[in-house]
There are 2 protein chains.
Amino acid sequence: MPRVELLAIGTELLLGQLVDTNTAFVAGHLSQAGIDVYATHAVGDNRERIARAVTDALDRADGVISTGGLGPTVDDLTKEAVCDALGVEAELYAPALATLERAFAALGRTMRENNRKQAMLPAGSVVLENANGTAPGFLVFRDDGKFVACMPGVPAEMKPMLTGELIPRLRERLGVSDAIYTRVVHTVNVAESEIDHRIEDLFRTSENPKVAVLAHGGRCDVKIMAKAPSRERAEAMIAPLQAEVESKLAGFVFGLDAETLETAIHRLLQSDGLTCAVAESCTGGRIAAALTSVPGSSQSFLGGIVAYDNSVKIAQLGVRPETLGAHGAVSEQVACEMARGACEAIGANVAVATTGIAGPDGGSEEKPVGLVWVAVAWAGGEARARSIRWRGDRELIQSRAASAALGILWNALIKR
Amino acid sequence: MPRVELLAIGTELLLGQLVDTNTAFVAGHLSQAGIDVYATHAVGDNRERIARAVTDALDRADGVISTGGLGPTVDDLTKEAVCDALGVEAELYAPALATLERAFAALGRTMRENNRKQAMLPAGSVVLENANGTAPGFLVFRDDGKFVACMPGVPAEMKPMLTGELIPRLRERLGVSDAIYTRVVHTVNVAESEIDHRIEDLFRTSENPKVAVLAHGGRCDVKIMAKAPSRERAEAMIAPLQAEVESKLAGFVFGLDAETLETAIHRLLQSDGLTCAVAESCTGGRIAAALTSVPGSSQSFLGGIVAYDNSVKIAQLGVRPETLGAHGAVSEQVACEMARGACEAIGANVAVATTGIAGPDGGSEEKPVGLVWVAVAWAGGEARARSIRWRGDRELIQSRAASAALGILWNALIKR
């Protein structure tokens with residue numbers, strides 16, 4: 001497996017003004033593509049230090065891949081430094097210049113002399129097309145077969161260049177045939193330990209494909225990764241394991257790969273011709289925000305009531321003052337009345353409601369900070385509620401409660 | 001100014017499974033504390049490579065600061081590698097062992113033999129206390145005055161160790177007296193170019209303190225940074241510039257330092273004894289979510305209506321069907337009726353409303369994707385609306401519209 005080192009370029013990284021998300025993206029895609037990342041580095045906009053970092057990395061690894069420093073300003077020194085490190089000159093690349101001229105024409109802007117600098121590349125370079133900006137990337141091999149590849153630092157420009165231009169070229173040139181293909185099985189309403197227990201034997205027996213469980217934000221993904229020479233071959237290797245995972249976790253799997261719980265909910269609602277609504281107290285609009293993040297969600301999400309104050313619970317959702325008086329706002333009864341009220345007020349087929357204590361104040365022994373009731377009601381039917389308790393700060397409690405409410409709504413839809 | 005290099009340790013960083021946020025945090029705090037970060041690196045959980053990275057960094061810089069690899073498992077190799085790099089042995093540190101025993105007792109857990117490993121530190125180390133976990137950090141100086149400092153990788157453990165333990169010790173030992181103190185002046189409803197224009201002369205004249213404008217998410221911060229031996233001295237240097245910035249940007253400054261637009265809005269509402277409500281179409285709950293993120297927001301935020309479907313605009317907010325028919329849902333008139341309706345339905349003193357086209361579908365020549373109307377209404381009074389247009393994807397349009405609505409609400413409160 002070829003080994004590379006990554007180099008992020010930009011003084012702002014050393015001042016802590018920017019979290020470097022490029023490196024994780026590049027490292028993840030290279031690993032998946034069968035190219036091993038040996039180390040990563042960040043240096044400032046300094047020609048000598050960039051050149052030294054490139055030289056040092058080439059001593060240890062088969063290649064260096066950099067991000068940043070390809071712009072038109074005097075601070076952008078990556079190309080000069082790479083020329084220094086490789087002992088070559090920069091040359092004007094006609095195809096790069098033509099691309100630049102097209103990009104400027106499309107923007108209706110005049111190209112300045114310093115933009116022509118962006119078409120100067122180290123001698124021997126292959127141009128990496130930039131579909132989303134003016135700075136081309138490049139890939140240049142040394143006589144000993146080691147290489148330097150440079151991409152812009154703007155994520156929107158770097159990402160397609162990496163996946164569409166650089167990785168295919170590197171795999172071909174370095175003779176890498178296998179890649180890692182991943183199927184993600186998304187689950188909800190089940191604990192990581194329960195998943196571990198149910199698919200334990202798959203962990204032990206599987207090396208390729210390999211199975212891993214990843215918990216995040218209160219939900220778990222099961223990842224099935226196959227190393228194979230093609231997607232078709234990988235799919236064939238993944239399919240039986242995937243079927244086994246899905247069968248052992250039946251009732252908890254809401255989707256695969258790019259699907260989210262929100263898109264799964266809208267898919268279920270739309271396939272049944274149903275509409276939904278929300279009634280939110282402690283989650284304060286977060287469930288509605290999640291449901292409306294999906295394009296086309298207006299087909300199945302009608303709206304909701306953020307009933308933060310009790311007066312709003314009474315006036316907009318029809319919660320009875322006696323219920324509030326007898327059980328308090330954070331109670332099973334109020335959650336159920338909120339959900340039923342949202343169905344009626346909004347005219348939806350199904351509604352989910354939350355009421356809880358997000359903190360940091362307002363908790364008691366009986367009703368501690370982090371206690372949240374979630375209820376689901378169907379139009380004209382009964383409501384059912386359950387309580388969950390989280391430990392953490394206000395932000396965590398609010399976001400986990402919204403996420404749990406989506407899980408409970410999804411469950412109500414598949415159990416229908 | 002002393003120069004250090006940072007080293008993040010963990011194979012997951014090289015697989016792209018984790019975005020390294022520690023490095024930016026450490027780099028930012030060191031820069032502010034007068035310690036220059038020369039380069040940053042990440043390596044995997046490999047004793048030899050960690051040792052080599054430490055040795056190489058000490059060749060270039062005055063010290064190395066690492067995060068990660070201090071846990072009790074066999075993968076945690078930082079200490080062994082640092083011993084190799086420095087040519088010293090690990091020793092059992094009684095104070096570190098005592099701290100570990102206290103931490104385990106507090107957790108009610110039994111200490112295992114591999115946890116004792118966490119009290120073994122390179123000979124000559126100073127222990128860095130870990131208030132939030134079991135792994136102590138350490139700082140060790142070589143005979144030539146260069147140093148290695150190691151901290152855990154868990155952010156909640158690393159951050160207080162860096163600011164409370166490591167930085168004060170380094171500043172004292174390295175004789176760093178100056179630090180950079182920053183005042184952030186937050187603005188809203190004003191473009192970066194307008195700020196540049198108004199405070200242009202401050203950029204030119206100021207070196208220390210220095211002034212910078214930082215745009216993010218549709219808002220701008222003015223940062224005033226003073227290099228000084230103490231906070232008091234820095235405050236004295238910052239005060240006149242801050243007064244000048246605040247006066248030149250009067251009407252746009254909503255707060256300083258840790259204040260957010262949401263906290264500023266609640267402060268204004270509470271100081272005037274007012275309550276607010278929201279009516280959200282295209283922002284789908286995001287304004288309510290922002291307003292309820294503030295602890296104690298229930299004092300001034302009563303609730304809101306997410307009126308995604310027109311039927312909800314009519315039934316819950318009293319928007320007239322004729323208005324919808326004549327002008328369409330995305331219009332000045334509907335925005336105003338929504339804001340007025342929210343005031344009435346929720347019983348609030350002031351309400352903000354949004355209606356727009358978040359996309360990707362639903363746009364037209366006259367009403368393109370990204371067009372959003374925002375209205376503010378006072379109870380019993382008239383509503384006023386303005387339109388804004390963003391280019392970008394659904395997520396950007398929804399979040400920018402919510403942010404703009406908060407800015408417009410804030411403006412209505414200060415102009416009251």
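**View 1. Strand β1 of chain A is mostly covered.** In this predicted model, six of the seven residues of β1(A), which spans residues 3-9, are buried; a residue counts as buried if 20 or more other C-beta atoms, placed from the backbone, lie within 10 Å of its own. Strands are DSSP runs of E with at least two residues, helices are runs of H or I with at least four, and both are numbered from the N terminus. Local features need pLDDT of at least 70 and side-chain atom pairs count only at pLDDT 80 or more, whereas totals for chains, interfaces and linings use all residues. Residues are numbered from 1 along each chain as its sequence is written, with chains lettered from A in the order in which they are written.

**View 2. Strand β1(A) pairs with β2(A) and β3(A).** Two strands pair if DSSP finds at least two bridges between them. β1(A) runs parallel to β2(A), residues 36-43, with seven bridges, and R3(A) stands opposite D36(A). Five bridges join β1(A) to β3(A), residues 63-67, also in parallel; here E5(A) faces V64(A).

**View 3. Strands β2(A) and β2(B) pair across the two chains.** The pairing is antiparallel and comprises five bridges. V43(A) stands opposite A39(B).

**View 4. Chains A and B are in contact.** Each chain contributes 48 residues, contact being defined by C-beta atoms, placed from the backbone, within 7 Å. Elements giving two or more residues on the chain B side include α2 (22-32), β2 (36-43) and α15 (394-414). The largest share of that side, seven residues, comes from β14(B).

Conventions:
A residue is buried if 20 or more other C-beta atoms lie within 10 Å of its own, exposed if 12 or fewer, and partly exposed in between; C-beta atoms are placed from the backbone. Two residues are in contact if their C-beta atoms, placed from the backbone, lie within 7 Å.
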